[in-house]
Amino acid sequence: MIIILVRTLILYIFVLISVRIMGKGELSEMQPFELVVTLMIAELAALPMEDTKLPLVNGIIAIFTILFVQITISFINLKSEKARGFICGKPSILINKGIINDKELKRLRINMNDLIEQLRTKDYPVIKDIEYAILETSGDLSIIPKSNKRPSTVEDVKASPIYEGLPTSLIIDGKINYGNLEYLNLDESWLKNILNQNNIATAEEVFFCSIDESKDVFIQKINKGDI
């Protein structure tokens, strides 16, 4: 009994430290690979606790290996948008400008009852009130309501809601998304002109840049302390 107690305590502390090292993102909505990592760590920790014949160090080494792989994948996701799309997938637009994307629903094997249930849990039971419904890579459903259905703000009291549409990312972590530029019928010279207007020489200086359907551009530069 004492041996089991000590082994359990050691593994608990080690798993707790591992989860803390992985970061707070693991404790909220998880990406598919993060869920796999969490399940594997739980299983690897349970085996040495259940079977005292297994060397404790085997479980610790296995957990450390999984932790190293998770940190490596997270770093790759941080630096490469292509790798992030391959590992985590891409968000799926289920409702686009108020129109249900039935092809995307079929591809994801989601029926209308499931979609309506998810919309109700987000307090949007009426589909015609929704501009966009996006299934995120974490599995959560994000909803952007139509302008006249958004909660009132101080600005709304004095002005009519402005249609913004769905923001489209142009630059992420210093890298230009040429696919989105082409989709919006824009080019790199236009983007460079916008950056010059904001006293930015190159796209490498930009952490995130997006544009909405009213052509309003949002730009956030890279914090020099993060370089």
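A crossing of two helices is termed left-handed if the near helix is turned anticlockwise from the far one by less than a right angle. In the predicted model described here, the crossing of helices H3 and H4 is left-handed. The contact between these helices involves Ile73, Ile76, Asn77, Leu78 and Lys79 of H3, together with Glu81, Ala83, Arg84, Ile87 and Cys88 of H4. By residue class, the contact of H3 with H4 comprises six nonpolar residues, one polar residue and three charged residues. Helix H3 covers residues 56-79 and helix H4 covers residues 81-88; their axes come within 6 Å and cross at roughly 125 degrees. H3 and H4 are therefore oblique to each other.

The chain as a whole contains nine helices and eight strands. Of its 227 residues, 28% are buried. Among the contacts in the chain with a separation of 6 or more, 52% are between residues 24 or more positions apart.

The aromatic rings were examined next. A pair of aromatic rings is described by the distance of the centres and the angle of the planes. The count comes to one aromatic pair, for which ring centres must lie within 6.5 Å. The pair is formed by Phe208 and Phe218, whose ring centres are 6.2 Å apart; the planes stand at 50 degrees, so the pair is classed as tilted. Because Phe208 lies in strand E7 (residues 206-211) and Phe218 lies in strand E8 (residues 217-221), the pair ties together parts that are 10 residues apart in sequence. Phe208 has a relative accessibility of 29% and therefore counts as partly exposed. Phe218, at 43% relative accessibility, likewise counts as partly exposed.

Asp123 is placed in the loop between helix H6 (112-121) and strand E3 (130-135). With a relative accessibility of 66%, Asp123 counts as exposed, since the exposed class begins over 50%. At 29% relative accessibility, Asp173 counts as partly exposed.

Key: Residues are numbered from 1 along each chain as its sequence is written. This is a predicted model: local features need pLDDT of at least 70, side-chain atom pairs count only at pLDDT 80 or more; totals for chains, interfaces and linings use all residues. Side-chain values use heavy atoms; hydrogens and water are left out. Axes are lines fitted to C-alpha atoms, for helices over the stretch in contact, and angles run from 0 to 180 degrees between N-to-C directions. Helices (H or I, at least four residues) and strands (E, at least two) are DSSP runs, numbered from the N terminus. Angles under 35 degrees count as roughly parallel, over 145 as roughly antiparallel, 65 to 115 as roughly perpendicular and the rest as oblique. Contact means heavy atoms within 4.5 Å. Ala, Val, Leu, Ile, Met, Phe, Trp, Tyr, Cys and Pro count as nonpolar, Asp, Glu, Lys and Arg as charged, and the others, Gly among them, as polar. Rings of Phe, Tyr and Trp (its six-membered ring) pair if their centres lie within 6.5 Å; planes under 30 degrees apart count as stacked, over 60 as edge-to-face and the rest as tilted. Buried means under 20% relative accessible area, exposed over 50%, partly exposed in between (1.4 Å probe, protein chains only).
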